[in-house]
Amino acid sequence: MIKVSGLKKAFKNTEVLKDINFEVKDGETVVIIGPSGSGKSTLLRCLNYLEKPDAGLIDIGDVSANTERVKKPTINKLRMQTSMVFQHYNLFKNKTVLGNITYPLTASKKFKKEEAVEIGEKLLGQVGILDKSKQYPVALSGGQQQRVGIARALAADPHAILFDEPTSSLDPEWVGEVLKVISDISKKEKTMIIVTHEMDFAKEIADRVIFMADGHIVEEGTPEEIFDNPENERTRKFLRKYTNHSGSIEEETIEPELVTV
Amino acid sequence: MNFDIGYMIEILPQLLVYIPITLYLAIVSMIIAVVIGGVLSLILVNRTPVAVQLSKLYISFFRGTPVLVQLLMIYFGLPQLFPWLNSISAVNAAIIAFSFNTSAYLAEIFRAALTSVDKGQTEAAISTGLTYHQAVWGIVLPQAVRNAVPATGNMFIGLIKNSSLAFTIGVTELLAQGKLLATATLQFFEAYLAVGIIYWGMTILYSWMQKWYEAKINKPYEA
Ligand SMILES: Nc1ncnc2c1ncn2[C@@H]1O[C@H](COP(=O)(O)OP(=O)(O)OP(=O)(O)O)[C@@H](O)[C@H]1O
Ligand SMILES: [Mg+2]
């Protein structure tokens, strides 16, 4: 289970996360949607401790951290509970496809080389890319790289996987294959949090949807509740932009609320 | 015109035996420079308080003054300040001067090489459970080395050539021997041309080795 309460994060003087509270049950797939700049990436990065939160409690699996007085060993343990799939894949450029998966296992998790290779090959098979295991990332298409990124995130068998816009830097032709891999994993009862702008995919895969705006969780519920019957005006406004023109995505525009003369 | 190619060829063997001392000066200075430059670059990248200001001062000084001045300062000047350094040999003084000078340039080269590795590489490494040190050693450094090799190689070529300055403080290396032959026979052009050709040969040979090495380490990054 993931439990977050009172999570806060500011950069310089701008508050980016303002009192975030939510839970994710084991095996649940939660999709986070929201306008650009609402703090979705920052939230995932705080869970993985790539950013240090300013305040709040984070419980993931059997690790609890009070972010205001947590010490390094706990941070390391907390970090091991999740792994990230990045928008830009971030595969290790100096490692082969297989090495991308085995290196972290052998270097940090104290797996033996053969065990790591076995895990790596099994996962590469799962994401359908075993034939490329000896290649370097540069020789792979975006979709293939992201599938390796997903395999790498699965390798350490973390409590939960965090996806930050896993398809938004892919050419349209590769989006489908990556979404399929994610939805296969979701069926295996893996706990996942996915930030995405792919609304159809969100509707289909999510057990629960969270709508974020301005550093707050504005509304959360089942996909039906959020997509078909949103309660909050901001949610409605946001979703309208994605459904206006037969599902095509429009730039989020900020409407002037008050013009003072 | 009066050019005695026969004489030039005749003295080549007497010059070639000085290649080891020239290479010794260049290689030992380079090794020390890489170590100092590496430490300085880490200080610059991590912005370690106080150390970063001192490093910048060091870099500024050794890049902003002539190597020859640094060489004379270290060989003649240091023993005056620290009498226990009186017994420093000319060769060691030359190595100190060359390595300090080169390290100042390498610090900047290494800093740029480190910072040009995408931050996402470190984040991905940390996210998969590696410690910061494992991320740096296993992922960032190998990529930084590749970035740094061309410029570092140029510094080494510079060192091979600059090592000739050691003759000014009495080290008998390649140029010093050439000068000796030249003044003995007054066949200046032949002697200095022979010296020049030997330096040229060394740098060409080294450039080939570097090309081969670059091709090797670039393989994983080429589609
Ligand atoms: N390292 C940082 N330093 C300063 N400001 C930052 C930093 N990271 C994010 N921000 C700011 O925090 C806010 C939230 O950013 P974040 O990336 O979390 O948004 P997001 O919801 O993921 O947006 P997008 O949909 O565009 O990815 C933005 O205003 C951004 O400019
Ligand atoms: Mg984002």
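Me: Which residues of chain B does UniProt list for "domain: ABC transmembrane type-1"?
Reply: The unreviewed UniProt entry lists residues 19–210 of chain B; such annotations may be inferred rather than shown by experiment, and positions follow the numbering used here. This is a predicted model, where local features need pLDDT of at least 70 and side-chain atom pairs count only at pLDDT 80 or more, while totals for chains, interfaces and linings use all residues. Residues count from 1 along each chain as written, chains are lettered from A and ligands numbered from 1 in written order, and side-chain values use heavy atoms, leaving out hydrogens and water.

Me: What makes Glu123(B) count as buried?
Reply: Its relative accessibility is 13%, and buried means under 20% (exposed is over 50%, partly exposed in between; 1.4 Å probe, protein chains only). So Glu123(B) is buried.

Me: How do you know that the side chains of Glu123(B) and Arg45(A) are joined by a polar contact?
Reply: They sit 2.7 Å apart, and the cut-off is an N or O pair within 3.5 Å, one able to donate a hydrogen and the other to accept it. So 2.7 Å qualifies.

Me: Where is Glu123(B) placed?
Reply: In helix α6 (residues 119–127) of chain B; a helix is a DSSP run of H or I, at least four residues, and a strand is a run of E, at least two.
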